[in-house]
Amino acid sequence: MTLGSIDAWWWPYLFILLAGCATTYPWRALGVYLGGRIRDDAEILVLVRAVATALVAAVIGNLVCFPSGPAADTTVTLRVAAVAAGFAVYFFSGRKVLTGIIVAEAGFVIGFYLGI
Amino acid sequence: MPDNSVLPDPDFADRRHWFLTGAGNVISIPALILFTAHIGFAGLAREAGMTMGPAVFMVLAIWALPGMVVLLGAVMSGAGIIAVAFAVALSSVRLTPMVVALVPELRGPRTSRLTLYLLAHFIAVTSWVIALQTVRHVPRDLRTSYYFGLGSSLMLGNMVVVWLFYLVAEDLPPVVAAGLFLLTPMYFLTSLWGAGRERAAHIAMVLGLVLGPVLHIFAPGLDLLGAGLIGGGLAYTAHLFERRKR
């Protein structure tokens, strides 16, 4: 069964509930269950935060290296260089998120038109 | 409404005040960047053959951009519902440690389990990062109201964004569409670094950035989970060594 296999208005919604919601919310509920047993200064949370941070960082790395849609037509060199430049500016400008993002986007557009 | 009216103390005015303070984050740079990331999602949903109603519904039902993008990617590759579900489930495992880390901070002495289970649906990267940075400045027994305002306003705002931009997504020039896509990783990168409290979080972040793409090549499907466990585990080991030295 795929998204296109039932031609009814409710099928995409049911498809999203089954394939998207029922596969996402239980992980959050599990987190509440486990988190309810832990004090907020517990040492184990350093490990938990580290694992969660590494997971999200992996999402970032994959988005930059293996994007979908129109970004997939740009080079990985350009994407990595733009993101690295933006992060460097964020880091050395006293953690200004917006400044870092603007530099990354400007570098990306300039590089795009230079054919990198 | 999880608990805005059932608990006699603190009173409703306090709860409403902190609910609105939380909702105020919808006008902030992180929220703005999340909106632009959802503009990219609207375009992708259209490419995947998702009509507008279901595309908006995805924001409400899933509320995790990586999972939403994985669902569309799997649909586009012609996968059946079981395969799509499995891919989304794998990409959403990362939510568990995020919720575990946030729940002890949200919970007050009288917070009901039901409230936490309802609020958990709003936990995704943006609201998680904002909450880790700001929730310590909110009175402990009003943190659930604050987070309810923060999470629900972000979700509603992004549903509106997907609805609006679903219609115009096709008309964007390629460089603009690609540039919008880059906003998501840039935002995650800077805000996650800012939310890191101890050095272990920063080490974990650098390791995850490298391990994610590397594992994606050698063990696709296990890339996110593997990078999280290996990167997080190594970062924690470094944290233990550092503490022993002191």
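**Reading a buried helix and a chain contact**

Me: Which residues of α4(B) are buried?

Reply: The model is a predicted one. A residue counts as buried if 20 or more other C-beta atoms lie within 10 Å of its own. In α4(B) the buried residues are Leu65(B), Pro66(B), Gly67(B), Met68(B), Val69(B), Val70(B), Leu71(B), Leu72(B), Ala74(B) and Val75(B). Because ten of the twelve residues of α4(B) are buried, the helix is largely enclosed by the rest of the structure.

Me: What covers the buried residues of α4(B)?

Reply: The cover includes α1 and α3 of chain A, together with α2, α3, α5 and α10 of chain B.

Me: How many residues does each chain give to the contact?

Reply: Residues of two chains are in contact if their C-beta atoms lie within 7 Å. Here chain A gives 72 residues and chain B gives 90. On the side of chain A that touches chain B, α3(A) provides the largest share, 21 residues. The residues on that side of chain A divide into 49 nonpolar, 15 polar and eight charged.

Me: Is Ser145(B) buried or exposed?

Reply: Ser145(B), found in helix α9 of chain B, is buried, because 30 other C-beta atoms lie within 10 Å. The C-alpha atoms of Ser145(B) and Gly231(B) are separated by 34 Å, and the two residues are 86 residues apart along the chain.

Methods. Residues are numbered from 1 along each chain as its sequence is written. Chains are lettered from A and ligands numbered from 1 in the order in which they are written. This is a predicted model: local features need pLDDT of at least 70, side-chain atom pairs count only at pLDDT 80 or more; totals for chains, interfaces and linings use all residues. Helices (H or I, at least four residues) and strands (E, at least two) are DSSP runs, numbered from the N terminus. Ala, Val, Leu, Ile, Met, Phe, Trp, Tyr, Cys and Pro count as nonpolar, Asp, Glu, Lys and Arg as charged, and the others, Gly among them, as polar.
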